[in-house]
Amino acid sequence: MARPTSRFPATVLILFSFLLNPSVVLLASSAPRVSDESATLILRPPPGGGNRHTMFLPLFLSPHRNSSAFAGVNSRRHLHGSDPLRPNARMRLYDDLLRNGYYTTRLWIGTPPQNFALIVDTGSTVTYVPCSTCEQCGRHQDPKFQPESSSTYQPVKCNIDCNCDNDRVQCVYERQYAEMSSSSGVLGEDIMSFGNESELVPQRAVFGCENVETGDLYSQHADGIMGLGRGDLSVVDQLVDRGVISDSFSLCYGGMDIGGGAMVLGGFSPPVDMVFTNSDPVRSPYYNIELKELHVAGKQLSLNARVFDGKHGTVLDSGTTYAYLPEAAFLAFKDAIIKELSSLKRIHGPDPNYNDICFSGAGSDVSELSKSFPTVDMVFGKGHKLSLSPENYLFRHSKVHGAYCLGIFQNGKDPTTLLGGIIVRNTLVMYDREHDKIGFWKTNCSELWERLHIAGAPPPIPSASDSTNSTAPAPAGPPQHDFPGQFQVGLVTFYMSLSVKYSDLKPHMTELAQFIAQELDVNASQVQLLNFTAKGNDSLIRWAILPAGSTEYFSNATAMGIIARLAEHRVQLPDTFGSYQLVEWNIEPPPKQTWWQQHYMVVVVSIVVALILGLSASGGWIVWRRKQQTLNSYRPVDAVIPEQELQPL
């Protein structure tokens, strides 16, 4: 499992992973799999700007055998058939592909539920989170999973179909990587909840409970991985085998500068204009597609269709950030793009160590990019065509305003075509595993439910009687659409623990407040520091979010947005502030005011007016009295008059 890094080293990385059985090789989804499990896998570093994060996540070739670790599980597919009445799990995606290198979703495990931010990965087949017994785990977005606190947790007991611990009591898993990252732990079973936007009720499932993590796994912000690949441990396979969802799932990534998105576990009626292509599960465990042609500005590239069918064919992988083409296809694509951009200026990339292909002069408005950059079409088998917008093959230049670089690179000498998440931004991708096909539908992923005409639910809202909540459990009942009764939010407070020393953090509090305001979508003036204390080598900060302007309370929509971001731990801060945890948050109604507090402005204005009138009357009376004194004053004729000095004419 590879995590987001600011730059992979230029040297070749060789990645080996093992899951359950040491003879089963786990390979990185960002590089083509070799058919021989004993062969060496070469993982090439991604080209591009130095500020970019690139995810390379593992694929697991499932042995497709029954395991006694799963009671009643059958690894055969297509047993249940499509059922339009079968529920699905609708879940939100968070983070940003190019900024974070991945997308995460929220998953609740245990009773009572413990929530986690997990990287969604179509190339992994196991879901895992840090365990409370972990001897070497980093500080992630949420607290570690505590099996002892869950009344429904059960360890997966040792059996012949899994690797066992030293005492041969419990099943274990292990992943090891040549770049010095690893994950290992035990397998457990507990109830998983999918949030209150989901029709699917909580389900029991097997997952990994980490005891050791090293390298980038140790330092990443996300808690763990949600495996969506093919295999007995995959969340999708487990739900399908239980008959609770159809054999399908969908991902919808947000567009440029937007981030977020949506995920659906289970099937739903696809849009009538969704473009489908075959996906052959026998060829490899990858989700592959039948790519036949590439067109740039409506012109077909002069390529043999077999160029996209080399080695492992064309692989679609949510765990890879960018796209990689075989050498011949990349050179033809690059030349065609450059030819169409004669009006733009070719510039150097953001990182001098990489020969990025970048252009300036297109402007910063993403909606206007199609006026400067051509449309790219992918043509599948049977002539089905998917048109790519510029955001599907470009990323922003980090140092030049209004400049963009190609997010499609050459895959070295490897003939595999690898399509990462950038290709499907603002695209709904349906992985219809039951019918061995994958569908694409261009859309705005932030408005997916409305565009699909599927009624969605708002983020989870706390009860007015429970204004303090340190976790965000998935409600079992119907979602709440409003605050109960006439409750109004007048103040939101929360505690944040940062892994930065008090003395180092103190000079940057204003900057931190601005980042928090940006993440909560409020004005910086609304974020107020209440308390700031040292806690060992960490810092504990209490913040308050105030209503905007002179208003006494938040609007319902604004309050729901703030509370959802806090409750779901979606506040993302730069790495310079270290790792952090949202310890507790509270909501309070507007404070009750006395008669004086409610009418103090009227009283103050009345007093000021009375003072002005009184002073004016007093001043007028004084002037009148002086005039009267001047008119009535006289001097006797024999009075001594002081000598007056004559002024010169």
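The points below go through the disulfides.

1. This is a predicted model: local features need pLDDT of at least 70, side-chain atom pairs count only at pLDDT 80 or more, and totals for chains, interfaces and linings use all residues. Residues are numbered from 1 along each chain as its sequence is written, and side-chain values use heavy atoms, with hydrogens and water left out.

2. A disulfide is a pair of cysteine sulfur atoms within 2.5 Å. By that rule there are six disulfides. Number the bonded cysteines in sequence order, and the pairing reads 1-8, 2-3, 4-6, 5-7, 9-12, 10-11.

3. Take Cys162 and Cys171. Their sulfur atoms sit 2.0 Å apart, in a disulfide. The S-S torsion is about -75°, so this disulfide is left-handed. Both Cys162 and Cys171 are buried (under 20% relative accessible area; exposed is over 50%, partly exposed in between; 1.4 Å probe, protein chains only).

4. Cys252 and Cys445 form another disulfide, with 2.0 Å between the sulfur atoms. This link is left-handed, with -80° about the S-S bond. Cys252 lies in strand S14 (residues 248-253) and Cys445 in the loop between strand S31 (437-442) and helix H5 (448-452), so the pair ties together parts 193 residues apart in sequence. Helices (H or I, at least four residues) and strands (E, at least two) are DSSP runs, numbered from the N terminus. Cys252 and Cys445 are both buried.

5. Cys358 is joined to Cys405, S to S 2.0 Å. Their torsion is about 100°, so the disulfide is right-handed. Cys358 is in strand S23 (residues 358-360) and Cys405 in strand S27 (residues 403-406), distant parts of the chain 47 residues apart. Both Cys358 and Cys405 are buried.
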